[in-house]
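Subject: Structure for your review

Dear colleague,

Please find below the structure that I am handing over to you, together with its sequence. I would be grateful if you could read the notes that follow it with the model open.

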Amino acid sequence: VYPSDPNVPPGRLGFAHAVNNASAVAARHGVPLFVTEYNAGLDGSTRTVPILDTSYAAAFVVAQLAHVDAANVAGMSYWTLSDVFEEQGQQAAEFANAFGMQTYGGVAKPVLRAFELLARFVDDARAIYPATAVRA
């Protein structure tokens, strides 16, 4: 699921709404939902508007996860940990707007730092927002 998928409702929280809708369907069938691949965007605009190496991707993750009803979401996996993967080939520059949470040289991008902060404060989030807190 990506924000640019046709089934994702438009708007700032469209991705979170799509995850919540999928979670509701899974719950009706008695199965957990695993979102195995997502990030801040996959459409052509991410190639022309460099968002994946910026704080935009971090803000996207925090905003979306704050609005995901985690009750039936068994796991969510950001695509991808590193800019080193076969689908896009070797990047020409350290910050090349690639999909990873860290550059091919191992430099953490803002989105990785966002996940670190979320992990640090997940128990506080559960206390404040028990219905929507992301599970560790």
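The notes below go from the overall fold to the core, then to a helix pair and some individual residues.

Please bear in mind throughout that this is a predicted model.

Overall organisation

The chain contains five helices and two strands, and from the N terminus on these elements follow the order α-β-α-α-β-α-α. Of its 136 residues, 36% are buried. Among contacts with a separation of 6 or more, 56% are between residues 24 or more positions apart.

The nonpolar core

The largest nonpolar core has 22 residues, and the members that touch the most others are Val19, Tyr38, Ala40, Val61 and Tyr78. At least two residues of this core come from each of α1 (14–28), β1 (33–38), α3, β2 and α4.

Helix α4 and its packing against α3

Helix α4 spans residues 110–120, and its buried residues are Val111, Leu112 and Ala114. Viewed down the axis of α4, these buried residues fall within an arc of 155°, so they line one face of the helix. Their packing partners are α3 (55–66) and β2 (73–78).

The pair formed by α3 and α4 packs at an angle of about 35°, with the two axes 7 Å apart, and the crossing of α3 past α4 is right-handed. On the α3 side, the contact is made by Ser55, Ala57, Ala58, Val61, Val62 and Leu65, and on the α4 side by Pro110, Val111, Ala114, Phe115 and Leu118. By class, the residues of this contact comprise ten nonpolar, one polar and no charged.

The loop between β2 and α4

Several residues in this loop deserve a look. Gly100 is located in the loop between β2 and α4. Its relative accessibility is 1%, under the 20% cut-off, so Gly100 counts as buried. Apart from neighbours within four places in sequence, Gly100 is in contact with Thr80, Leu81, Ser82, Asp83 and Lys109. Gly100 and Leu52 are 48 residues apart in sequence, while their C-alpha atoms are 8.0 Å apart in space.

Thr80, one of the contacts of Gly100, also lies in the loop between β2 and α4. The peptide bond that joins Trp79 and Thr80 is cis, with omega about 5°.

Asn97 is placed in the loop between β2 and α4 as well. Its phi is near 60°, a positive value in a residue other than glycine. With a relative accessible area of 6%, Asn97 is buried.

With kind regards

Definitions and conventions: Residues numbered from 1 in each chain as written. Predicted model: local features only at pLDDT ≥ 70, side-chain atom pairs only at ≥ 80, totals over all residues. Heavy atoms only, no water. Buried < 20%, exposed > 50% of the residue type's maximum accessible area, 1.4 Å probe, protein only. Helix = DSSP H or I, 4+ residues; strand = E, 2+ residues; numbered from the N terminus. Arc of directions from axis to C-beta. Contact = heavy atoms within 4.5 Å. Core = buried A, V, L, I, M, F, W, Y, C linked by side-chain atoms within 4.5 Å. Axes fitted to C-alpha atoms, helices over the stretch in contact; angles between N-to-C directions. Left-handed = near helix turned anticlockwise from the far one by under 90°. Nonpolar A, V, L, I, M, F, W, Y, C, P; charged D, E, K, R; others polar.
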